[in-house]
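This report looks at how parts of one protein chain pack against each other. Please keep the sequence and the structure in view while reading.

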Amino acid sequence: KPSQQMTKSWKTFFTMVHWSVRRRSSWVQLAGHEGNFKPSERGQILKKFSPVEDACLAELMTDVLHPFVPAYHGVVEVAGERYIQMDDLLSGLDMPSIMDCKMGTRTYLEEELCKGQQRPRRDLYQKMVKVDPLAPSPEERSQGAVTKPRYMQWREGISSSATLGFRIEGITIEGGAVQRDFKQTRTEDEIMEVFLTFTKRRLDVLSIYLSRLEDMRKALEESVFFKTHEVIGSSLLFVHDRKGPRQRLDDRFREDAARRRRGAPPRHDVVWTHGSHEDGYLIGLRNLTGTVRGAREKAADGQRPVPDQP
């Protein structure tokens with residue numbers, strides 16, 4: 001129903017990667033959802049059941065976007081708890097490198113701007129001052145707390161969400177430590193350097209990511225689901241391993257999104273104003289594609305032989 005609200009997206013911001021010799025695969029525990037995921041068998045993963053998210057995934061399986069989301073395998077019950085079953089995107093990869101990009105110019109629901117949602121929170125205040133001690137207002141400083149809408153708007157303003165319509169949430173390279181220090185990474189050049197580091201300047205990997213982004217843009221233009229849903233707080237997950245491009249590498253690049261249905265269809269390519277319910281998703285996708293294209297060009301320039309001097 002139009003009034004239904006989709007659960008928050010899966011916030012793919014990595015806290016741990018579990019390796020299992022027995023399973024010969026791995027899975028990612030996603031931040032903000034500790035305890036919500038369980039490993040499964042046959043290259044699948046279980047997430048605690050949400051009726052709206054379940055309906056969303058089921059609908060996506062029949063939409064042109066289905067190659068860009070984790071394959072959905074229905075609902076199972078484990079120890080009396082219901083779970084959504086979907087593909088484990090890291091299954092079979094050897095020391096994967098993973099990047100999460102949060103999409104859109106707005107990453108919070110308009111409903112969160114309502115007065116009833118504006119209870120000041122000390123935990124968000126601490127997150128704010130950790131990045132910028134001068135960011136809180138005098139009133140917020142006296143309370144030692146900020147509201148969630150205030151924090152989210154501030155968070156977007158200091159990152160590339162406001163300037164480019166997407167931001168990097170976290171990366172891990174070949175199973176190494178998780179890097180999350182991208183809160184103030186704002187410019188295209190800065191993000192381009194992150195992509196070059198993430199891919200180790202490999203033209204094959206960058207080319208596949210670029211091709212996949214371009215394919216996704218075409219699919220979004222045709223998708224009935226995308227035309228009728230507001231996309232808030234969704235992520236694109238970039239995954240490759242050190243073996244490089246293989247037959248299914250490009251299929252590992254998935255859209256990790258939970259969406260909330262709205263009555264009026266959004267355009268996705270205009271700046272949000274209060275009440276418009278625009279998400280700026282296509283703004284972010286366009287700029288992300290341009291950034292990856294620029295990174296590939298820089299990587300190619302670095303591999304060209306230097307001409308002999310006369």
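Helix 2 crosses helix 4 in a left-handed sense. In this predicted model, the axes of helix 2 (residues 122–131) and helix 4 come within 10 Å and cross at roughly 25°. Because angles under 35 degrees count as roughly parallel, helix 2 is roughly parallel to helix 4. On the side of helix 2, the contact is made by Leu124, Lys127, Met128 and Val131. Helix 4 contributes Lys148, Arg150, Tyr151, Trp154 and Ile158.

A second pair of helices can be described in the same terms. The crossing of helix 6 and helix 9 is right-handed. Their axes come within 9 Å and cross at roughly 60°, and that angle makes helix 6 oblique to helix 9. Helix 6 takes part through Glu188, Ile191, Met192, Glu193, Phe195 and Leu196. The residues of helix 9 in this contact include Leu288, Gly290, Thr291, Val292 and Lys298.

The table sets out the two pairs.

| Helix pair | Axes come within | Crossing angle |
|---|---|---|
| Helix 2 and helix 4 | 10 Å | roughly 25° |
| Helix 6 and helix 9 | 9 Å | roughly 60° |

Helix 9 can also be checked for its length. At 1.5 Å a residue, the 23 residues of helix 9 (residues 281–303) should span 33 Å, and the end C-alpha atoms are 33 Å apart, so the two values agree. Among the buried residues of helix 9 are Tyr281, Ile283, Leu285, Leu288, Val292 and Ala295.

Which residues have the most contacts inside the largest nonpolar core? They are Met99, Phe195, Leu236, Phe238 and Leu288, in a core of 39 residues. Elements that give two or more residues to this core include helix 1 (51–60), strand 7 (97–103), helix 6 (188–199), strand 10 (235–240) and helix 9. Helix 7 gives the most, with eight residues. Another core, of 13 residues, lies apart from the largest one, and Tyr125, Tyr151, Met152 and Ile158 are among its members. In soluble globular proteins, nonpolar side chains tend to be buried together.

Met152 lies in helix 4 (residues 148–158). Is Met152 buried or exposed? Its relative accessible area is 15%; since buried means under 20%, Met152 counts as buried. Leaving aside neighbours within four places in sequence, Met152 is in contact with Thr107 and Tyr108. The C-alpha atoms of Met152 and Arg106 are separated by 8.7 Å, although these residues are 46 residues apart along the chain.

Ser161 is placed in helix 5 (residues 160–164). With a relative accessibility of 0%, Ser161 is buried. Not counting residues up to four places away in sequence, Ser161 touches Gly104, Thr105, Glu156, Phe166 and Arg167.

Finally, some totals for the chain. It has nine helices and 12 strands. Of its 310 residues, 50% are buried. Among contacts between residues at least 6 apart in sequence, 69% join residues at least 24 apart.

How values were computed
Residues are numbered from 1 along each chain as its sequence is written. This is a predicted model: local features need pLDDT of at least 70, side-chain atom pairs count only at pLDDT 80 or more; totals for chains, interfaces and linings use all residues. Side-chain values use heavy atoms; hydrogens and water are left out. Helices (H or I, at least four residues) and strands (E, at least two) are DSSP runs, numbered from the N terminus. The expected span of a helix is 1.5 Å times one less than its number of residues. Buried means under 20% relative accessible area, exposed over 50%, partly exposed in between (1.4 Å probe, protein chains only). A nonpolar core is a set of buried Ala, Val, Leu, Ile, Met, Phe, Trp, Tyr and Cys residues joined through side-chain atoms within 4.5 Å. Contact means heavy atoms within 4.5 Å. Axes are lines fitted to C-alpha atoms, for helices over the stretch in contact, and angles run from 0 to 180 degrees between N-to-C directions. Angles under 35 degrees count as roughly parallel, over 145 as roughly antiparallel, 65 to 115 as roughly perpendicular and the rest as oblique. A crossing is left-handed if the near helix is turned anticlockwise from the far one by less than a right angle, and right-handed if clockwise.
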